Structure formats: C-alpha cells, structure tokens
Amino acid sequence: MVQKMIKNIVFDLGMVLVSFNWKEYLDSFNFHSDIKEKMIEKALGNVTVWNEHDRGTLSDEAFIEFASKEAPEIKYPLRQYMSGVGHICKEYPYATEWISSLKQRGYQVYILSNYGNTPYKYAQQHFRFLDKVDGAVISSEVKFVKPEIEIYQCLLEKYHLKAEETVFLDDRKDNIEAAEKCGIYGIVFQGYEEGKEELEKLLNL
C-alpha cells in the first residue's frame with residue numbers, strides 16, 4: 001500500500017491541457033509538398049533541433065537559420081511558419097474547469113512544460129488556466145528540457161515542493177519515468193477522462 005498525501009499537482013501543457021497540432025498548422029500553408037517534407041526533416045520533425053528551440057538556446061531566427069543552413073529553400077517558408085507558431089496549441093475545453101476544481105479542493109497546481117519563448121508568450125496571453133496555477137517551470141526559461149532530471153529539480157526547488165507530495169501528468173512515458181526518478185508520482189496522460197480517473201485514484205489513496 002502506498003502511503004502519501006498529495007498536495008501538488010503538476011501538468012504538462014501539450015496534449016494534456018492544450019492540443020499540439022503542428023502538422024495541421026503546417027498544412028494550413030500553401031507550401032509545396034517537397035518544401036513541407038524538408039521543413040519536417042530539418043526542423044519541425046527534428047527532435048534534436050526543436051528541443052534546442054524549446055530549451056531557449058535557439059531564438060526563432062537562430063532556429064530558422066540553423067535549420068535552413070543545408071536547405072536554404074525552406075528559410076522563407078519556415079519564417080512564415082514561425083511567425084504564428086503560438087497558434088499551434090489550443091486550450092482544451094476542460095482545462096480551466098479542471099484546474100479550478102483542483103484549486104477549490106485545496107491542491108497547489110503547477111505547469112512543467114517544454115515550450116519555446118515565442119509560443120509561451122502567446123500562451124500567457126490566451127490560455128485562461130495559466131492565471132489560476134500557482135507557478136510554472138518552462139524549458140525555455142530554465143534552459144533544461146524534459147526528460148532531463150534538472151528541469152524536475154528546478155520545479156521542486158523553485159516552489160519548495162516535496163517530491164513525495166507531488167504528482168505529474170504528461171503524455172510521454174519517458175518524461176514520467178524521469179519524474180519518478182526524482183521521487184515524483186507520475187501519470188502517463190492518455191486522455192482527459194482516463195487521466196482524471198487515474199489522478200483521483202492517486203489523490204484518494
């Protein structure tokens with residue numbers, strides 16, 4: 001039997017509280033299929049390169065320059081894409097109500113997410129639930145990305161949280177496994193109804 005008292009609930013953003021439809025956004029542009037494929041290969045689908053944008057070590061322009069170095073034909077299309085990159089994510093209808101209900105029950109709620117500077121500025125202006133959380137650790141601000149252990153330590157240290165009193169919900173298993181290495185309880189998020197049920201089970205133990 002696990003004995004604990006969860007006081008802190010931490011949410012990832014993309015695919016947990018907000019949608020992340022970068023391919024749909026890419027398709028909204030009238031780019032040639034060859035250009036789209038090259039954009040995905042060199043930038044948008046290249047985890048190593050995109051992670052550096054999320055880390056905040058590559059500005060939007062530096063990201064564009066780096067990704068198009070070997071494919072100059074994608075520089076202008078990539079600049080168009082990045083000009084509205086904040087629009088990739090849309091708040092899920094349940095997000096604000098879910099966080100509000102947890103707050104009303106006395107839980108502290110935090111955000112821990114890989115997010116670039118520009119899209120996060122957009123998020124701060126448009127996602128209603130961000131005004132309700134007790135704090136956030138964003139990769140581009142702390143220069144670490146999940147699943148690096150340091151980003152979880154940043155969360156715990158910044159808000160003086162005890163790992164054993166904290167649960168983290170993320171859609172990626174590797175991110176949850178890293179949190180668990182820090183002593184944080186983890187839930188692999190696979191949808192609102194299931195995620196909410198799993199969270200309630202943990203809170204009621």
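Leaving aside its neighbours within four places in sequence, which residues is Phe11 in contact with?

Modeller: This is a predicted model. Beyond its neighbours within four places in sequence, Phe11 is in contact with Val16 and Leu17, with Trp98, Ile99 and Leu102, with Val109, Tyr110, Ile111 and Leu112, and with Phe168 and Leu169. The largest nonpolar core has 56 residues, and Phe11, Leu17 and Tyr81 are the ones that touch the most other members. There is also a second, separate core of 15 residues, which includes Tyr152, Leu161, Ala163 and Ile176.

The bridge partner of Leu112 in β3 is Val137. Strand β2, residues 108–113, pairs with β3 in the parallel sense, over 4 bridges. Between β2 and β3 the chain passes through helix α7, residues 117–126, and this β-α-β crossover is right-handed. Within β3, residues 135–138, Gly135 and Val137 point one way while Ala136 and Ile138 point the other way; all are buried.

Another stretch to look at is the loop between α9 (149–158) and β4 (166–170), where Glu165 has its place. Glu165 has a relative accessible area of 16%, so it counts as buried, the limit being under 20%. Not counting residues up to four places away in sequence, Glu165 touches Met5, Ile6, Lys7 and Asn8.

Conventions: Residues numbered from 1 in each chain as written. Predicted model: local features only at pLDDT ≥ 70, side-chain atom pairs only at ≥ 80, totals over all residues. Heavy atoms only, no water. Core = buried A, V, L, I, M, F, W, Y, C linked by side-chain atoms within 4.5 Å. Buried < 20%, exposed > 50% of the residue type's maximum accessible area, 1.4 Å probe, protein only. Contact = heavy atoms within 4.5 Å. Helix = DSSP H or I, 4+ residues; strand = E, 2+ residues; numbered from the N terminus. Pairing = 2+ DSSP bridges. Right-handed = clockwise from strand over helix to strand, strands pointing away.
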